[in-house]
Structures are given as structure tokens and as C-alpha cells.
Amino acid sequence: MNDKKQPFNLEQFSLRGRSADMKKTLSNQHFVWVDIAIAGQSTAIYAQPNSGKTLLSMHLVCEAVRKKLIEGEQVFYINADDTAKGLTEKTEILERFDIHQISPHDPTRKTEFKANDFGLYLQQLCAEGSAKGKIIILDTLKKFTKLMEKQQVSEFNTVIRQFISHGGTLIALAHVNKYKDEEGNSIAEGTSDVINDWDCVYILEQVTDNGCLKTVEFRNQKNRGNNAKSVSFSYSIDDDYQAMLRSVKRLTNEDHSQAKMTGALQKSLSKNNDIIVAIQQNIMSQTTNRTELVTASYLEVKDLGYSKSQVRNTLDDHEGRNYELGHRWKSKKGDKNAQIYTLLHPPTPLKN
């Protein structure tokens, strides 16, 4: 009898000769959300509250079923962050597309779903060979793992990777920090582990909001496929959720460019309000020559910390002929090529 211990050999872990078996677990690499999320990958979407992340997720998943990119039966929308009314509305919508909705707060209490056991559920799917083709959407990610605790997120990511390697697809919605970076861009909430370990990451940024219509942009931060660098949508703001959902519109590049310009002007209107008011008051007082207007307006706002170049830039940024786009004055050439300004006024509301 030979009890001699065999030497350790890495060959026991080798995948050589198993490629055929591995192919059986792969999902067909196609979009499950047009341009954004790919089958067989993990995708995280970070957004600020009330930016429309759930609304757009509902639109994108229903659109994918309607276009026959995916089968509704294979989709599980896990809604862990909603009211009973919201759950009921979304269940009614998703039922039309044969999409499953699951919630830890199921008002019917038919079968209890525990968000803390989500990792165990995924492991069971993998163990039983049922993960392939499943599309799971988490709304929101913080309900399933503590994003600020590195060890817990790392362990969670290990389970997600196991699910993906077995042919599953996972999309998760998450929040951004309340603070932005130096360039004014949103920052993903939590540790960097999700961004480092997941296949695709988007930041959903609000571009414009005029109280009736919002435009937003999915801005790609990471991808391992041919995901779009940027995708933009608009939607109406309405008390009726289904009306909002019907209003969602994918924007063309031209629409997106116009929305970004409008959004920049809206931010400038808020940021430079003191300068704008000073310029408007000076124009009303007949100080309309550019040089004189800049000087007079600067003298009014310098004690508030504004520079003369900020006054000049604000004058240029809000010059145009469309008040609704953020323009507040227009200009024309006067004597000796002097630039002369006149005020724009809000459009007169249409009478019923």
C-alpha cells in the first residue's frame, strides 16, 4: 500500500478540453436593453434620486420584449424600493409582457422573498443549472448588499460572477453620491468594487428639467462589449405613471446636442442669476453698449465675488433669440460697430 502523498499539480484546475462544456453555459451575446445592457453580463446603472432610473428601466425591458430581443418569461424584476401602490402599478404593466416582478414587500404575501438571501438564491440557480438565460434586474442595489462595506460587496460580486458565468444576466440600479466631481459629474455611491468587478457601468445624468419634460443621458463608464458610449432619453413629468412611461422617447444625436445645450443654459441661469439680473437692469436703464454694459454690471456684482470675465461670459452665454432656450437678450451692430443689446421677454402664454 502506497500512502505517499501526490505532489500538488495545477493541472487539476485546468480548463483544457472543457471548451465544449463551457460553450453550453454561455448566453448569446446580444443586447437585452438596446445599446445599454448585454446578455451574459453584469451591468450597473447609477443615478440620482428622481432621475427616472426605474421609469427608464421599465421602458427598456418592455421595449426589449416588444422587439423580441428577450422573452418576458425569463425576466425577473426585483423591486425592493417601492410603495404598495407603485408595486401594483408596475406589476400591472409588466404582466402585459409576461415579465415577473418580485418584491420583499409583496402585499399579497404569497411567498416571502428575502433580499438578504438573494445571493443564496443565485447560488441555487447555478447549482441546479437554471441560471442560463435568466435576466434579473435589481432595484435598487443597496437593498441587496452594503455598498460602503468593501468585504461584503466583494463577496456579493463573487456570487454575481458565478451567476454570470452560468449564463445569467444581471442589471442593477444604484444611487450616486450627493456630491459631484470637479467637473460637475455624478459619482457612484459606495466602494469602487462594483465598478472594478462588473462588466458594464453607466451613470445616468439629468440633462434638463423644465418642470414638464426631463431629458437624461446614460453615460458609459466601463464596458466589455459594444455598449453605447452615450444614450439619451426624454420623458414627460406626470402624476400618471403609465402616461410617463408612454412618453419616454429615445433621443437622436441632434436632439441630444440640443438638450445638452439647453441644460447648460439652465445651469447657467441658476448659477449666474445675480449677474443676469444686473445685466437686465442695466439694459432697462439704457446701458446697452457692450463695453459699458459689462463694466456697469461688474460694478454691481463684484462685491458678491464675481469677476469681470464671468460677467462677460454670462453676457455671451445668454445671448440669442429664443427665451425658452435660456437666452435673455439679443444684440446687433450699432454705430462704429459697437455691439448693442436689447432684452428678450418671455413668450406670451396661448389663451384657451
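Student: Where does lysine 336 lie?
Tutor: Lysine 336 is in the loop between strand S13 (329-333) and strand S14 (339-343). Keep in mind that this is a predicted model.

Student: How do S13 and S14 pair, parallel or antiparallel?
Tutor: Antiparallel, over five bridges. One facing couple you can look up is lysine 330, which stands opposite threonine 342 in S14. The hairpin has five residues between the strands.

Student: And what is phi doing at lysine 336?
Tutor: Phi there is near 55 degrees, a positive value in a residue other than glycine.

Student: Is that lysine buried or exposed?
Tutor: Lysine 336 is exposed, with a relative accessible area of 85%.

Student: Which other lysine has a positive phi?
Tutor: Lysine 68, with a phi of about 65 degrees, and that one is not a glycine either. You'll find lysine 68 in the loop between H2 and strand S4 (75-79).

Student: Buried or exposed, that lysine 68?
Tutor: Exposed: its relative accessible area is 72%, and the cut-off for exposed is over 50%.

Student: OK, tell me about H2. How many residues does it have, and how far does it reach?
Tutor: Helix H2 covers residues 53-66, so to speak 14 residues, and spans 20 Å from first C-alpha to last. That is close to the 20 Å expected at 1.5 Å a residue.

Student: How many of those residues are buried?
Tutor: 13 of the 14, so H2 is mostly covered.

Student: What does H2 give to the largest nonpolar core?
Tutor: Let me start with the core itself. The largest nonpolar core has 39 residues, and those touching the most other members are Trp33, Ile36, Ile45, Val61, Phe218 and Phe233. H2 gives the most to this core, with eight residues. Apart from it lies another core, of 30 residues, including Leu147, Phe156, Ile164 and Trp198.

Student: Changing topic: how many aromatic pairs does the structure hold?
Tutor: Five. One of them is phenylalanine 113 with tyrosine 121, a tilted pair at 5.2 Å centre to centre, with 45 degrees between the planes.

Student: Which of those two counts as buried, and which as partly exposed?
Tutor: Phenylalanine 113 counts as buried, at 13% relative accessibility. Tyrosine 121 counts as partly exposed, at 29%.

Student: Why is the pair of phenylalanine 118 and phenylalanine 156 called tilted?
Tutor: Because the planes of phenylalanine 118 and phenylalanine 156 are at 35 degrees, which falls between the 30 degree limit for stacked and the 60 degree limit for edge-to-face. Their ring centres are 6.3 Å apart.

Student: Which helices does that pair tie together?
Tutor: Phenylalanine 118 lies in helix H4 (residues 118-127) and phenylalanine 156 in helix H5, so the pair ties together parts that are 38 residues apart in sequence.

Student: What about charges over rings? Which ring does arginine 328 sit over?
Tutor: The ring of tyrosine 323, with the charged end of arginine 328 at 3.7 Å from its centre. There's also lysine 90, which lies over the face of tyrosine 241, 4.3 Å from the ring centre.

Student: Last one. Where is the cis peptide bond that involves threonine 140?
Tutor: The cis peptide bond joins aspartate 139 and threonine 140, with omega about 5 degrees. Threonine 140 lies in the loop between strand S6 (135-139) and helix H5 (150-165).

Conventions:
Residues numbered from 1 in each chain as written. Predicted model: local features only at pLDDT ≥ 70, side-chain atom pairs only at ≥ 80, totals over all residues. Heavy atoms only, no water. Helix = DSSP H or I, 4+ residues; strand = E, 2+ residues; numbered from the N terminus. Expected span 1.5 Å × (residues − 1). Buried < 20%, exposed > 50% of the residue type's maximum accessible area, 1.4 Å probe, protein only. Core = buried A, V, L, I, M, F, W, Y, C linked by side-chain atoms within 4.5 Å. Phe/Tyr/Trp six-rings, centres within 6.5 Å; stacked < 30°, edge-to-face > 60°. Lys NZ or Arg CZ within 6 Å of the ring centre and 35° of its normal. Pairing = 2+ DSSP bridges.
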